[in-house]
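Here is a friendly walk through a protein model, from its sheet to its cores and aromatic rings. Have a look at the sequence and the structure first.

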Amino acid sequence: METTPSEYPTDGPTDAEPSYGTDSPTGSPTDSPSGAPTPSGSATASADGAAPPGYRVQKDLKGFTVGVPEGWDRTESDQGVFYNAPGGKSLLQVFVITEPGMTPYEALRGASEDGKANKPGYVEISLGRVTGDPDAPADAAELVYAYARDGGRRKVVDRAFTAADGNHYAILAAGPEADWPKQREVLRVALEFFRPGAH
């Protein structure tokens, strides 16, 4: 898999785009990588560890486990595993960062630089280490960005971290900017149920 993953929203792997970059200069406090809790009323796991309503826990063919929205279809490319919303406007991407010696933060910084160079209207909203999330690995970093695509704006949140198996993973949620903060909720549920596996 690629070191700097690519995100593709609607058309499949042939429309792949680098995952790190932003396009909306107007970030809000919820755009920071603080790991702050989500607002009340958002999806949360039940006491028995079951996925929240509208989500399912998916044991992926690549060996990892992740929480994904119900009805999202799986595809795979050299840029990772994708779970795509019906209609293709939103997605969840999981991939392994394979470049030796690269930290999660450095991977996201490189992805943001790539986004600035290759995504029209790219704006980095926030890039930083994750703080305030007791479940996040110590080296977790997060990038939020937006860019122009197919006549509309997309907003993306990307989390990179070292998992319990020692591999560096990145999990990215993307969708129309108008859907924000749905992407953050999708990412939060994915991370809550993420368990590494063979890749």
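Which residue of β9 stands opposite V123? The residue is A146. Before going on, a word on the model: it is predicted, so to speak of local features a pLDDT of at least 70 is needed, side-chain atom pairs count only at pLDDT 80 or more, and totals for chains, interfaces and linings use all residues. Residues are numbered from 1 along each chain as its sequence is written, and side-chain values use heavy atoms, with hydrogens and water left out.

**The sheet**

Seven strands form an open sheet in the order β5-β6-β7-β11-β10-β9-β8, with antiparallel pairing. Here, strands (E, at least two residues) and helices (H or I, at least four) are DSSP runs numbered from the N terminus, and two strands pair if DSSP finds at least two bridges between them. The edges are held by β5 (73–77) and β8 (123–129), each with a single partner strand, so one side of each has no neighbour in the sheet. On average, neighbouring strands of this sheet are turned by 15° against each other, direction ignored. Such angles lie between axes fitted to C-alpha atoms, for helices over the stretch in contact, and run from 0 to 180 degrees between N-to-C directions.

Strand β9 (residues 141–149) is joined to β8 by six bridges, and the two run antiparallel. In this pairing, E124 has Y145 of β9 as its bridge partner. On to β10: nine bridges join it to β9, again antiparallel, and V144 has V157 in β10 as its bridge partner. The hairpin of β9 and β10 has two residues between the strands, and D150 takes a positive phi near 50° there. β9 is mostly covered, with eight of its nine residues buried; buried means under 20% relative accessible area, exposed over 50%, and partly exposed in between, using a 1.4 Å probe and protein chains only.

**The helices**

Helix α1 (residues 104–118) lies across β7 (91–97), β8, β9, β10 (152–162) and β11 (168–176), and runs at about 170° to β8. Helix α2 (residues 182–192) lies across β7, β9, β10 and β11, at about 150° to β11. Eight of the 11 residues of α2 are buried, so the helix is largely enclosed by the rest of the structure. Among these buried residues are R184, E185 and R188. The buried residues of α2 pack against β3 (55–59), β4, β7, β9, β10 and β11, with contact meaning heavy atoms within 4.5 Å.

**The cores**

In soluble globular proteins, nonpolar side chains tend to be buried together. A nonpolar core is taken as a set of buried Ala, Val, Leu, Ile, Met, Phe, Trp, Tyr and Cys residues joined through side-chain atoms within 4.5 Å. The largest one has 30 residues, of which V66, L92, I171 and F194 touch the most other members. At least two residues each come from β4 (65–69), β6 (80–84), β7, β9, β10, β11 and α2. The largest share, four residues, is supplied by α2. Leaving aside neighbours within four places in sequence, V66 has contacts that include Y83, L92, V94, A190 and F194. A second, separate core of 17 residues includes F95, A107, L143 and A170.

**Aromatic rings**

The structure holds six aromatic pairs. Rings of Phe, Tyr and Trp (its six-membered ring) pair if their centres lie within 6.5 Å; planes under 30 degrees apart count as stacked, over 60 as edge-to-face and the rest as tilted. Two of these pairs are tabulated here.

| Pair | Centre to centre | Angle of planes | Type |
|---|---|---|---|
| Y122 and Y145 | 5.5 Å | 35° | tilted |
| F161 and F194 | 5.6 Å | 80° | edge-to-face |

Y122 sits in the loop between α1 and β8 and Y145 in strand β9, 23 residues apart, and both are buried. F161 lies in strand β10 and F194 in the segment after α2, so their pair ties together parts that are 33 residues apart in sequence. F161 is buried at a relative accessible area of 5%, and F194 counts as buried at 7%. F161 and F194 also belong to one aromatic cluster with F64 and Y169.

Lysines also meet rings here: K119 lies over the face of Y147 at 4.3 Å from the ring centre, and K155 over the face of W180 at 4.2 Å. A charge sits over a ring if NZ of Lys or CZ of Arg is within 6 Å of the ring centre and within 35 degrees of the ring normal.
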